[in-house]
Amino acid sequence: MAEATSIQSTCRSCGRVGVRPFLSLGTTPLADALVSPSDLDEPEDRFPLEVGMCPACSLVQILDTVPAEKLFVDNYLYFSSFSQELLDHSRRHAENLMATRRLGPDSRVVEIASNDGYFLRNFVERGIPVLGIDPAPGQAQAAEAVGVPTLTEFFGVELARRLRSEGPPASVIVANNVMAHVPDLNGFVAGLRELVADDGLITVENPYVRDLVDRIEFDTIYHEHHCYFSCTAVDALVRRHGLHLNDVEYFPDLHGGTLRWHLGPRSHPTDAVRRYLAEENERGLTTYDFYAGFGDRVQRLRSTLVELLARLKAEGSRLAGYGAAAKASTLLNFAGIGFETLDYVVDRNVHKQGLLMPGVHLPIVGPERLAVDPPDYLVLLAWNFQAEIMRQQAGFAAAGGRFIVPVPDPRVIESVPSPLGASRS
Ligand code: JHZ
């Protein structure tokens, strides 16, 4: 087992001592460190995965920090464009911003963690200047290929200062699924304030910690995700850097329940902001008690899932997984699910095919395998795309294949759920 290079003794946001652990997922390999078959003899790094909550500012966070280069540069193969639902969600967001912010050729839209250009390409099509920032070289190259200029760097206050010294402030900054990924949270938010125009808008999306707990989405915990946010924690964090939480949107099905926070240098909070803060206070998200029983619920889920899969195997069924997602790695390694249970893991990301899942070393194959060598049951490891995957795999279901959803309540499912929607409640 490799040691994590640093262990967090103070809160990643407010800096106070006293972060209280409430869940240990043991030691796990890095969730996106897919293994090449030729490297099977090499020792695989494993790091402790423990989660705690800061009673002072409510931030939920992991206690160990793995260096960012190890997480996002070497062999990082997550490409956003493999989900149509995510592309549709992003297009709606872009169109909304273009209309409400009246963006045009004099505007500047910056996206942090712009990945393969899945979002900014919508602005490029309309002639609106953009800048993508992403340290992962393969993704940055893919973005450039679709016309999205991309800086292959980590974002923080220093890069923000440099960009401001070289060019205009950003009219809009978008940061989707990245604020949880940064070890230096305060440097990141200070950078947002530095780069945004005084009348500008910042939107930040991240899975909601309330839903993580309510829906037992423990598998979304891995070393890439240093933090798990509530509105209360975001409010305290951004205020420290001269920003205000002005609106909140909720996408109940996106990545297991996502919030989009609207931030800006000026304060004009909507009722949604007041409502969320009040509700989090009432439900106790601001106290340790809300999280205290989570570990037991995770253990029960693990037992139920392992028993369900073992029963199906004992009945003679063949099983495979769908989605070589990072969350799949947490789930498989924590539950100890490997070759004795699953034959393979399907993923349509061509960059992942031919590699092996971290730790358990299940082979990752293309979806065409389902037609030639179908299992009886397909475990939806990427359960956040349940609707999209089930629609795509209607042929597998029509031929008698069944789906298993692992969280929050491991079970065999029958009907195809409806597509993603948004709401403010
Ligand atoms: P997916 C990612 O987590 C990465 P992961 C990241 N760390 C993050 O913060 C969260 O998202 C929010 C495949 N797939 O997105 C693509 C199909 O094969 O749930 C992916 O490999 N067919 C930035 O890795 C995987 O499933 C399909 O039809 O846990 C899904 O991974 C679809 C829709 C997806 O996230």
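**Reading the core and the sheet**

Mentor: We can begin with a single side chain in this predicted model: once neighbours within four places in sequence are set aside, Phe188 contacts Ile112, Phe155, Ala175, Val178, Met179 and Val182.

Trainee: Which residues have the most contacts inside the largest nonpolar core?

Mentor: In soluble globular proteins, nonpolar side chains tend to be buried together. Here the largest nonpolar core holds 113 residues, and Phe188, Ile221, Phe229, Trp261, Phe294 and Met357 are those with the most contacts inside it. Helix H11, residues 294-314, gives the most to this core, contributing seven residues. Another core lies apart from it and has 16 residues, including Ala94, Leu103, Phe119 and Ile128.

Trainee: In what order do the seven strands of the open sheet run?

Mentor: The order is E8-E7-E6-E9-E10-E13-E12, with mixed pairing. Strand E8 (150-151) and strand E12 (244-251) are at the edges, and each has a single partner strand, so one side of each is left without a neighbour in the sheet. Helix H9 (residues 271-283) packs on the sheet, where it touches E12 and strand E13 (258-264), and its direction makes about 80° with that of E12.

Trainee: How many bridges join strand E7 to E8?

Mentor: Two bridges join E7 (residues 130-133) to E8, and these strands run parallel; Gly132 stands opposite Thr150 in E8.

Trainee: Is Gln393 buried or exposed?

Mentor: Buried means under 20% relative accessible area, and Gln393, at 11% relative accessibility, therefore counts as buried. Gln393 sits in the loop between helix H14 (386-392) and helix H15 (394-398). Not counting residues up to four places away in sequence, Gln393 touches Tyr322, Pro367, Leu370 and Phe403.

Methods. Residues numbered from 1 in each chain as written. Predicted model: local features only at pLDDT ≥ 70, side-chain atom pairs only at ≥ 80, totals over all residues. Heavy atoms only, no water. Pairing = 2+ DSSP bridges. Helix = DSSP H or I, 4+ residues; strand = E, 2+ residues; numbered from the N terminus. Contact = heavy atoms within 4.5 Å. Axes fitted to C-alpha atoms, helices over the stretch in contact; angles between N-to-C directions. Buried < 20%, exposed > 50% of the residue type's maximum accessible area, 1.4 Å probe, protein only. Core = buried A, V, L, I, M, F, W, Y, C linked by side-chain atoms within 4.5 Å.
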